Amino acid sequence: MSLLGVTVAGTAALSLGLAAVLPAGDLRGIVLALCTVLFFYACAFAVYRLFLRLCPLSEGELPEGSRAEFAAQVNILFYLLLFNSLIRTNFIPVPLLRLVYLALGARLGRNTYSAGALLDPPLTRIGDNCIIGHNAVLFSHAIEGSRFSLDAIVIGHEVTIGSMAVVMSGVHIGNGAIVSAGAVVNKGTRIGPNEIWGGVPARLIKHRSDPVSA
């Protein structure tokens, strides 16, 4: 809530400053409203990245009550509060969504785009020429009873994640691999280069007939 308060305060200051210099006219209210929304998310991105710089996320199992657990909990709650609804509306075009994920700390290679949801952008690392299908979900946190852990998802180059697929924490996917639509890749799974996985839980189906070089 403190981070949200800082975001709102920053938005209010920018909006009031704009209102003071914006000339009167029929479109003044519309312009001010649109700019206020943009200011809000710009401030939210800045506050989020500043928090991560001050309280970086730690991978592995997080001791209960520790600073690392606190940082992870705030990260998830702030993301769900401000960014999840923005991303899951499917209103933002995929090329712009790439910029949103980069602003949130995801590492995305050249020509890599996601039409799905990256729930832990700072712990998502994807190589070049990859595509995450519509409504696929990648998350790098695991909550199992009182146990809470973070493990980065690492994806190589030329990888395709099918629509509605789920990729859990700690998954590593090699170059040229394919995860079929609707597959559920369990926590900590290692998918080798040019392998095709599918099913629930996901398992190796076959190797690609047109392998991608490492």
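Predicted model: local features only at pLDDT ≥ 70, side-chain atom pairs only at ≥ 80, totals over all residues.
If you skip its neighbours within four places in sequence, what is Val179 in contact with? You get Thr160, Ile161, Gly162, Ala165, Ile173, Val185, Ile191 and Trp197.

Now the aromatics. How many aromatic pairs are there? The count comes to six. One of them is Tyr48 with Phe83, an edge-to-face pair with 5.6 Å centre to centre and 70 degrees between the planes. That pair links distant parts of the chain, with Tyr48 in helix H2 and Phe83 in helix H3, 35 residues apart. And are those two buried or exposed? Tyr48 and Phe83 are both buried.

Phe78 is buried, with a relative accessible area of 5%, and for Phe83 the value is 0%. If you want to colour something on your screen, go for the cluster that ring pairs build out of Phe45, Tyr48, Phe78, Tyr79 and Phe83.

Over to the charges. A search of the whole structure turns up four salt bridges, and I'll walk you through some of them.

Take Glu59 and Arg125, where the closest N and O atoms are 3.2 Å apart. Glu59 is in the loop between H2 and strand E1 (60-61), while Arg125 is in strand E5 (residues 124-126), so to speak a link between distant parts of the chain, because the two are 66 residues apart. Glu59 is partly exposed at 41% relative accessible area, and Arg125 is partly exposed at 24%.Then there's Arg147 with Glu61, with 3.1 Å between the closest N and O atoms. This one also links distant parts of the chain: Arg147 belongs to strand E9, Glu61 to strand E1, and they are 86 residues apart. Arg147 is partly exposed, at 46% relative accessible area.

Next up, the side chains of Arg110 and Asp128 meet in a salt bridge, 3.2 Å from N to O. Arg110 lies in the loop between strand E2 (107-108) and strand E3 (113-114), and Asp128 in the loop between E5 and strand E6 (131-132), so the bridge ties together parts that are 18 residues apart in sequence. Which of the two is buried, and which is exposed? Arg110 is exposed, with a relative accessible area of 61%, whereas Asp128 is buried, at 17%.

Last stop is the surface. Leu27, Ile30, Val31 and Leu34 form a nonpolar patch there, with about 380 Å² of accessible area together. Leu27 is found in the loop between helix H1 (2-21) and H2, and it is exposed, with a relative accessible area of 56%.

Conventions. Residues numbered from 1 in each chain as written. Heavy atoms only, no water. Contact = heavy atoms within 4.5 Å. Patch = residues over 30% accessible without salt bridge, like charges linked within 9 Å, V, L, I, M, F, W, Y side chains within 5 Å. Areas by Shrake-Rupley, 256 points an atom, 1.4 Å probe, with all protein chains shown as cover. Helix = DSSP H or I, 4+ residues; strand = E, 2+ residues; numbered from the N terminus. Buried < 20%, exposed > 50% of the residue type's maximum accessible area, 1.4 Å probe, protein only. Phe/Tyr/Trp six-rings, centres within 6.5 Å; stacked < 30°, edge-to-face > 60°.
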